[in-house]
Structure formats: structure tokens, C-alpha cells
Amino acid sequence: MDYLQLGKQFIDGEWRDGSSSITLPDINPYNDEVITAFQIASVADIDAAYQAACKAQLEWDKVNPYNKRDILENAVKYIEVNEEEITSIIVQELGGTRLKAAFEIGLVKNIIKEAATFPLRMEGKILPSVENGKENRLYRMPAGVVGVISPFNFPFFLSMKSVAPALGAGNGVVLKPHEDSPITGGTLIGKIFEEAGVPKGLLNVVVTDIKEIGDAFVEHSIPRIISFTGSTKVGSYIGQLAVKNFKKPLLELGGNSAFIIMEDADIDYAVQAATFSRFTHQGQICMSANRILVQKTIYQKFIDKFGAKVSTLTTGDPSDPQTILGPVINNRQAETLQQLIAQGIEQGAVPLLKGQITGRMVEPTILIDVKPDMVVAQEELFGPVVCIIPFETEVEAIEIANHSRFGLSGAIHTSNLERGVEMAKKIHTGMIHVNDVTINDEPIVAFGGEKQSGLGRLNGAWSLDEFTTMKWISVHYGQRKFPY
């Protein structure tokens with residue numbers, strides 16, 4: 001793929017520089033090489049993008065639903081043909097391993113395939129009326145234009161998770177990717193749908209910085225929905241700003257997932273699942289297991305096996321197929337992790353394994369004997385750092401799991417499956433998995449969090465509901481009798 005082309009704004013079907021004077025370098029987090037540089041978008045560019053999406057949405061309305069389906073399916077075909085190049089982009093821009101890239105690309109293809117069914121599912125209803133000679137029709141309509149703001153960790157998927165369903169439901173879209181992932185989370189997606197055949201201007205990608213545009217992306221009068229994936233702090237602000245401007249916020253925010261291991265669990269399997277749940281993509285996933293809760297009767301046995309497993313994880317060049325952990329995305333993330341580790345040890349956590357932090361390369365750290373109130377147990381650890389907390393009883397495990405302002409994902413390992421399900425019902429999360437990993441996302445299953453982990457549900461029928469509105473049109477076949 002042409003990195004120079006992907007280093008442009010994609011507005012109204014044209015690849016061009018932004019009108020701001022500021023340049024944003026797109027840097028490889030592993031070796032500091034500049035992949036490309038963007039002339040960032042200004043407030044005027046944001047307006048042009050929204051205006052284009054609004055105009056093109058009216059044309060998209062006229063496209064036959066079966067043709068819309070074909071266009072979305074074309075996007076999947078384009079990804080399949082260019083999968084090796086997309087893998088290279090993920091490795092270079094995100095520091096993602098080839099394993100991570102394959103995982104993310106698979107998720108993307110599945111969500112587009114699901115979104116391709118949406119044009120054929122815009123169903124309505126006819127309902128009876130209290131009035132004689134009248135019927136009530138409910139039409140499922142596109143919301144109009146959707147603004148999407150995506151993060152840096154799984155940007156290809158987490159952008160597409162809103163973009164593809166929004167397009168499939170008949171909307172125009174303006175996408176603002178994170179400044180650390182402008183290609184993978186932004187212009188790559190613009191290129192895919194351009195090649196797939198969406199109308200000019202229906203999907204726009206603006207690469208910019210908040211210092212340049214302020215709140216203009218959210219406050220603009222055109223978008224009816226703002227879909228944001230990112231931190232809870234920023235999501236809270238965006239949600240309030242959206243509601244203030246009478247827009248619907250969809251928020252997928254941070255997590256602090258608990259991975260609970262009961263004494264009757266298969267320990268070797270739990271070790272494998274916990275390792276995957278914590279260290280996939282350097283732990284930079286909102287569903288990652290931050291807290292591993294282990295029943296005291298198997299605590300020592302588990303930490304011995306877990307420590308041995310994690311110590312084998314290789315950290316290095318993400319382009320090397322043998323590498324498990326690449327770099328974290330930026331220096332700020334590495335510095336935050338270093339501070340949290342130091343704070344945890346200062347508060348009494350014991351480092352079973354303490355990895356070196358060199359620049360953005362962060363080796364795995366395991367903190368044991370962690371207390372639920374410690375900062376490391378309360379904050380989202382967005383990196384290869386994990387807390388292990390012992391517990392006595394099932395009731396205590398549930399209490400510890402719920403002792404968090406977050407409520408996104410979780411896992412419970414036990415040989416008694418129904419007990420696992422009953423425990424899962426009592427844990428305040430949007431998702432939780434028995435005898436599986438905390439990192440799960442499927443195209444037809446409701447995805448979303450509770451508490452400070454977000455608002456709304458995506459995937460399948462839930463995405464169709466979120467990106468559409470129901471319009472009531474009544475028809476009177478006779479004449480109503482009036483009292484005066």
C-alpha cells in the first residue's frame with residue numbers, strides 16, 4: 001500500500017492534506033522510524049467532512065439494499081487480498097506482533113460480514129391503533145451521520161466495529177483515529193471502503209489533534225451519534241459533551257477485569273488462559289485481565305506455574321514471528337506503568353517477576369500478595385503488568401471482583417460450570433466468561449460494559465439498534481371524529 005497516500009486526509013472522496021499548519025509524524029514505536037507524516041485537519045476540515053457525509057448519506061439511501069450488501073462484502077475481499085500488507089501496517093504502526101495482527105484482522109472481517117447483513121434487516125412493524133380506521137407504522141431509519149473516535153490499541157478493529165455497522169445501517173460516517181494510529185485506525189479504513197465502492201463522501205477520515213480542533217468533532221451540528229472507544233476519563237467528557245449537544249453517546253471505555261481461579265479449576269489450563277488474558281498485545285486491551293484472583297488453597301501452586309510460564313514470554317521486535325511482546329504504544333504509557341509498579345511495591349505488593357522497562361519496551365511484571373484497595377488493583381494497567389490477589393471463599397472472590405469502578409469483562413475458572421455461571425451473574429460486568437479468557441468479542445453477541453466501562457452495546461442486532469432510529473408514521477384511512 002502507498003503510505004504516502006495513506007498519510008493524507010480522506011474528505012469527500014479526496015485524498016488531501018489537512019488545512020492546519022501542524023504536522024503529525026506517524027512513528028514506529030519499536031524503532032522510532034517515521035512511517036509517514038500528516039498535515040493535520042482543522043476545524044474547517046471537520047466541517048467539510050461532516051457536510052460531505054451528510055450529503056452522501058442521502059445518496060446512500062437510494063442505493064438498493066442488496067447493492068449495499070455487495071459493497072460491504074467487497075471490503076472483506078479487499079482485506080483478504082491485501083492481508084499481508086495490512087499485517088505489515090499493524091506491526092509497524094502499533095508495535096503489534098504478527099499474531100496480534102492475524103487476530104485483529106480476523107475480528108475485522110467478521111464484523112464487516114455481520115454489517116453486510118444490515119441493509120437487508122432494516123425491518124419495520126405495523127401496529128394496531130386505538131382509533132378506528134387507522135394503522136401505526138414503525139420504520140427503522142438510519143440515524144443520519146455518525147462520528148467515530150477510535151483508540152490506539154486495536155484501532156483497525158475498534159474503528160471498524162462502529163464504522164462498518166454504521167454504514168450498513170445506512171449512515172454517513174466521519175472517523176477520527178487516535179494520533180498514534182492514524183493509518184491502522186483511520187486512513188486504511190478509508191482506503192478499504194473507497195476500493196469497495198461506497199459513494200464519494202459517505203466515509204471520511206480526519207487525522208487531527210485536540211489542541212487544533214477542541215470540541216468541534218463532537219459539537220458539530222450534523223452527527224446524531226458519537227461513538228467513542230478509549231479511556232474512561234476522556235469518555236466521560238465526550239459523553240457529557242454529546243448529551244449537552246443532544247447527540248447519543250456510545251462509549252466503550254476502560255476495564256479492570258478480574259480473572260477468578262477456584263480451587264477446583266484445571267490449573268495448567270488456567271495458567272494458559274490467564275497468560276493470554278493479560279499479555280496479548282502487551283496487555284493493551286480494555287478486556288485484559290488486570291487482576292488474577294486465586295483461591296488460597298491453590299495460590300502457591302498457581303503462582304509457581306504462572307511465573308514460570310510468563311518468564312518464557314519473549315519481548316522484542318514485533319516483526320519477528322517468535323516475539324510475543326512488542327513495545328507499548330508510546331513513552332507516556334511506559335512511564336505510567338513504571339510509576340504504577342513502583343507504587344504497588346511501595347504499598348506492599350511483592351514482585352514475583354519484575355521486568356525491565358527500556359524506552360517503550362516493557363518486560364512482564366507480576367505483583368503478588370496484592371490487596372484489593374491498592375492503586376495497582378484499582379487502576380487499569382494498560383501494559384504487561386498483572387496483580388495476583390488471594391481469596392478464601394466464593395463470596396470474597398465476588399466482592400473483590402466487584403470492588404472496582406469498572407465493569408467490562410472477566411473470567412471464572414472452575415470445574416463446576418453451573419457454579420461458575422451463578423458466580424458470573426453476581427459480578428457487575430457487561431461480559432464474563434466461564435473457563436475461558438477475558439478477551440472475547442464475537443460479531444453477533446452484545447458487547448459493552450457496566451459502571452465506568454461504558455454505555456450502550458455493540459455487535460449484531462445491538463449495533464443495528466444503536467445506529468438506527470424508529471420512526472412512527474400513522475395512516476388514517478378514514479376521518480377522525482373530533483370532540484369540538
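Mentor: A residue counts as buried when its relative accessible area is under 20%, as exposed when that area is over 50%, and as partly exposed in between. Please keep in mind throughout that this is a predicted model.

Trainee: With that cut-off in hand, what share of the 484 residues in the protein is buried?

Mentor: Buried residues account for 56% of the 484 residues. As for the surface, the protein exposes about 19900 Å², and carbon and sulfur atoms supply 53% of that area.

Trainee: How should I read the overall build, and how many helices and strands does the protein have?

Mentor: There are 17 helices and 24 strands in the protein. The radius of gyration is 24 Å, close to the 23 Å that the globule rule gives for 484 residues, so the protein is as compact as a globular protein of that length. The C-alpha trace spans about 75 × 60 × 40 Å along its principal axes. If we take the contacts with a separation of 6 or more, residues 24 or more positions apart account for 72% of them.

Trainee: Turning to charged side chains, how many salt bridges does a search of the whole structure find?

Mentor: The idea is to look for a side-chain nitrogen of Lys or Arg within 4 Å of a carboxyl oxygen of Asp or Glu, and the search of the whole structure finds 24 such salt bridges. One of them pairs Asp 465 with Arg 140, whose closest N and O atoms are 3.1 Å apart. This pair links distant parts of the chain, with Asp 465 in helix α17 and Arg 140 in strand β6, 325 residues apart.

Trainee: Are Asp 465 and Arg 140 buried or exposed?

Mentor: The two partners fall into separate classes: Asp 465 is partly exposed, because its relative accessible area is 42%, whereas Arg 140 is buried, because its value is 18%.

Trainee: Which residue meets Glu 392 in a salt bridge, and at what N to O distance?

Mentor: The partner of Glu 392 is Lys 296, at 3.4 Å from N to O. Glu 392 lies in the loop between β18 and α15, and Lys 296 in the loop between β13 and α12, so the pair ties together parts that are 96 residues apart in sequence. Glu 392 is partly exposed at 47% relative accessibility, and Lys 296 is partly exposed as well, at 44%.

Trainee: Where should I look for Phe 246, which has a positive phi although it is not a glycine?

Mentor: Phe 246, with a phi of about 60 degrees, is found in the loop between α10 and β11. This residue counts as exposed, because its relative accessible area is 69%.

Trainee: And what about Asn 459, a residue other than glycine with a positive phi: is it buried or exposed?

Mentor: Asn 459 has a phi near 90 degrees and lies in the loop between β23 and α17. With a relative accessible area of 0%, Asn 459 is buried.

Key: Residues are numbered from 1 along each chain as its sequence is written. This is a predicted model: local features need pLDDT of at least 70, side-chain atom pairs count only at pLDDT 80 or more; totals for chains, interfaces and linings use all residues. Side-chain values use heavy atoms; hydrogens and water are left out. Helices (H or I, at least four residues) and strands (E, at least two) are DSSP runs, numbered from the N terminus. Buried means under 20% relative accessible area, exposed over 50%, partly exposed in between (1.4 Å probe, protein chains only). The radius of gyration is taken over C-alpha atoms; the globule rule is 2.2 Å times the number of residues to the power 0.38. Contact means heavy atoms within 4.5 Å. Accessible areas come from the Shrake-Rupley method with a 1.4 Å probe; for residues, only the protein chains shown count as cover.
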